[in-house]
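Thanks for passing this one along. My notes follow as numbered points, to be read with the model open beside them.

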Amino acid sequence: MSRAVRFAPLLLLALIVAALVWRLARPTDTSVHSALEGKPVPMFTLPPALPGKATLSTSDLATGRARIVNFFASWCVPCITEVKVLQELKARGVTIDGIAVRDRPQDLAEFLATNGDPYERIGNDAQSKVQIALGSSGVPESFIVDGAGIIRYQHIGPIERGDVPMILARLEQAR
Amino acid sequence: MRRIFFLLALLAAQPAIADSNLPPAYWSDRQLPNPKQEAQAQALMDELRCLVCQGQSIADSDAELAGDMRDLVRRRIAAGEKPAAIRAWLVQRYGSWISYKPTSEPAAWPLWLAPLALLLIGGFLIRRRITR
């Protein structure tokens, strides 16, 4: 057996180790992105989440103005900090609609009373149906929908203070 | 002592925070009355990936979202929809990531060609040994 062939397994091992180290240093993005970016929001109608609060359906989204559709829940801890950032966005003139995932009206009312209510409309998605229909995989998650009802951007995880300029820029683009 | 107790209680409460207060969806853990439809649903659920516990199928996962997806699958099968159509509907939303069934897209070609290539290499090596 020639010398080169004898060292082949060692070379293979080195390659495998290099690949593993590379992946450890740059972990893959495990969040699941919606395949609906650039496509219209699928048809849906949700029952109201709270008495006296308008609910949300697809027809409320194509209104000529870009807006944020935010999936949230009263049982979701990061949503508490996110809702404060959403209020900042609202103060800057951004329209935000909410979809409450697997929530009860009494919990939701308490959540909004303690943390504030930035939402123009809130739909009640008790069995995550609309969440699945939009290709979303958790709470909180936000979609920027343009004036024609096309999904322009999906934000996975809470919108944080540092994300505000990026979100405003994306809303501007979606106008 | 009291503080330790409180911290322990908080630890125990963690998993509860991540779940909603609503009961599981009706068909999430209930078999369809029609055994043929249930078998179809089960086969499909085994091949759909859970969005929360990403290494599990929705049939295996205890996540609430997986339960809601099982409910969705059973409802649609019961309504007469074909499993392939339900899979396509989900792939449209989450990409081929959601399905465990290998596709015939170019990205999966090495997967289909690898066994053939290995077989050819093996055959070649054996022939060399025999004819030597």
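1. In chain A of this predicted model, 5 strands build an open, mixed sheet in the order β3-β2-β1-β4-β5. Strands here are DSSP runs of E with at least two residues, helices are runs of H or I with at least four, and both are numbered from the N terminus; two strands pair if DSSP finds at least two bridges between them. The edges belong to β3 (122-125) and β5 (151-156) of chain A; each has a single partner strand, so one side of each is left without a neighbour in the sheet. Direction ignored, neighbouring strands are turned by 20° against each other on average (axes are lines fitted to C-alpha atoms, for helices over the stretch in contact, with angles from 0 to 180 degrees between N-to-C directions).

2. A word on conventions, as they matter for what follows. Residues are numbered from 1 along each chain as its sequence is written, while chains are lettered from A and ligands numbered from 1 in the order in which they are written. Because the model is predicted, local features need pLDDT of at least 70 and side-chain atom pairs count only at pLDDT 80 or more, whereas totals for chains, interfaces and linings use all residues.

3. Do have a look at β4 of chain A. Strand β1 (residues 67-72) pairs with β4 (residues 141-145) in the antiparallel sense over 5 bridges, and V69(A) has F143(A) as its bridge partner. β4(A) and β5(A) are also antiparallel, over 5 bridges, with S142(A) bridged to H155(A). These two strands form a hairpin with 5 residues between them, and G149(A) in the turn has a positive phi of about 85°.

4. Which residues have the most contacts inside the largest nonpolar core? They are F72(A), A73(A), I99(A), A100(A), V139(A), I144(A) and V145(A), in a core of 38 residues. Such a core is a set of buried Ala, Val, Leu, Ile, Met, Phe, Trp, Tyr and Cys residues joined through C-beta atoms within 7 Å; a residue is buried if 20 or more other C-beta atoms lie within 10 Å of its own, exposed if 12 or fewer, and partly exposed in between, with C-beta atoms placed from the backbone. Elements giving two or more residues to the core include β1, α2 (77-91), β2 (96-101) and α5 (164-174) of chain A. A second, separate core of 18 residues has A41(B), L51(B), L65(B) and L90(B) among its members.

5. Beyond its neighbours within four places in sequence, V145(A) is in contact (C-beta atoms, placed from the backbone, within 7 Å) with residues including V41(A), L61(A), V69(A) and I151(A).

6. Between the chains, 21 residues of chain A are in contact with 20 residues of chain B. Helix α4 (residues 129-133) of chain A gives the largest share of the chain A side, 3 residues. That side divides into 9 nonpolar, 7 polar and 5 charged residues (Ala, Val, Leu, Ile, Met, Phe, Trp, Tyr, Cys and Pro count as nonpolar, Asp, Glu, Lys and Arg as charged, and the others, Gly among them, as polar). The model scores ipTM 0.85 and pTM 0.83.

7. Chain B has 5 helices and 0 strands, and 21% of its 132 residues count as buried. R75(B), in helix α3 (residues 64-78) of chain B, counts as partly exposed because it has 18 C-beta neighbours inside 10 Å. R75(B) and Y26(B) are 49 residues apart in sequence but 9.6 Å apart in space, C-alpha to C-alpha.

Methods:
Contact = placed C-beta atoms within 7 Å.
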